[in-house]
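Take a look at the chain below. Then follow the text from the whole chain down to single side chains.

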Amino acid sequence: MVKPTDEAVGALRQADQSLYNQMALEIWSLLKTTDNSTPGFWNRFMHNRQAGLKQFLDQKSRPADIPEPGTHEPEQSEPSYSEPASAQLDAQGENLPNQH
């Protein structure tokens, strides 16, 4: 003899599985449509999601008193008085020729 609670649990499990299957189908159709209209969308989305998840896990595992890499700005030193204030530097920190 099957108890009413066992029947209710079985019905809930079946409803849960049906909802899960329906959601999976809706997500698949949405992604398929998006990927057809914008080729490569799904690949880029998954790559960004993976990078975001890795960043989130890195932040979560880092103690709060240690700053994140790239967020701490180095202190600005006083300008050197041996070169003109208008001197421009290239990407390697070398002086560019004056372009007047």
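Residues are numbered from 1 along each chain as its sequence is written, and side-chain values use heavy atoms, with hydrogens and water left out.

Start with confidence. The term pLDDT is the predictor's confidence in each residue, from 0 to 100. Here the chain average is 77, and 61% of the residues reach at least 70. Residues 83-87 fall below 50, and this stretch has two contacts in the model beyond near neighbours in sequence. A contact means heavy atoms within 4.5 Å. Where pLDDT is low, the predicted coordinates should not be read in detail.

Now the fold. The chain has two helices and zero strands. Both terms refer to DSSP runs, numbered from the N terminus: helices are H or I with at least four residues, strands are E with at least two. How much of the chain is buried? Buried residues make up 1% of the 100 residues. Buried means under 20% relative accessible area, exposed means over 50%, and partly exposed lies in between, with a 1.4 Å probe and protein chains only. The chain's accessible surface is about 9,900 Å², and carbon and sulfur atoms hold 56% of that. Such areas come from the Shrake-Rupley method with a 1.4 Å probe; for residues, only the protein chains shown count as cover.

Which side chains meet in a salt bridge? They are K54 and D58, at 3.2 Å from N to O. A salt bridge needs a side-chain nitrogen of Lys or Arg within 4 Å of a carboxyl oxygen of Asp or Glu. By this rule the count is one. K54 counts as exposed because its relative accessibility is 54%. D58 has 33%, so D58 counts as partly exposed.

Stay in the helix and look for rings. A pair of aromatic rings is described by the distance of the centres and the angle of the planes. Rings of Phe, Tyr and Trp (its six-membered ring) pair if their centres lie within 6.5 Å; planes under 30 degrees apart are stacked, over 60 edge-to-face, and the rest tilted. The whole structure has two aromatic pairs. F41 and F45 form a stacked pair, with 6.2 Å between centres and 20° between planes. They are four residues apart in helix α2, so about one helical turn lies between them. F41 is partly exposed at 31%, and F45 is partly exposed at 38%. W42 and F45 also stack, at 5.4 Å centre to centre and 15° between the planes. These two are three residues apart in helix α2, again about one helical turn. W42 is partly exposed at 32%.

Ring pairs link F41, W42 and F45 into a cluster. With M46, these residues form a nonpolar patch on the surface, with about 330 Å² of accessible area together. Patches are made of residues with over 30% relative accessible area and no salt bridge; like charges are joined within 9 Å, and nonpolar side chains (Val, Leu, Ile, Met, Phe, Trp, Tyr) within 5 Å.

Key:
Predicted model: local features only at pLDDT ≥ 70, side-chain atom pairs only at ≥ 80, totals over all residues.
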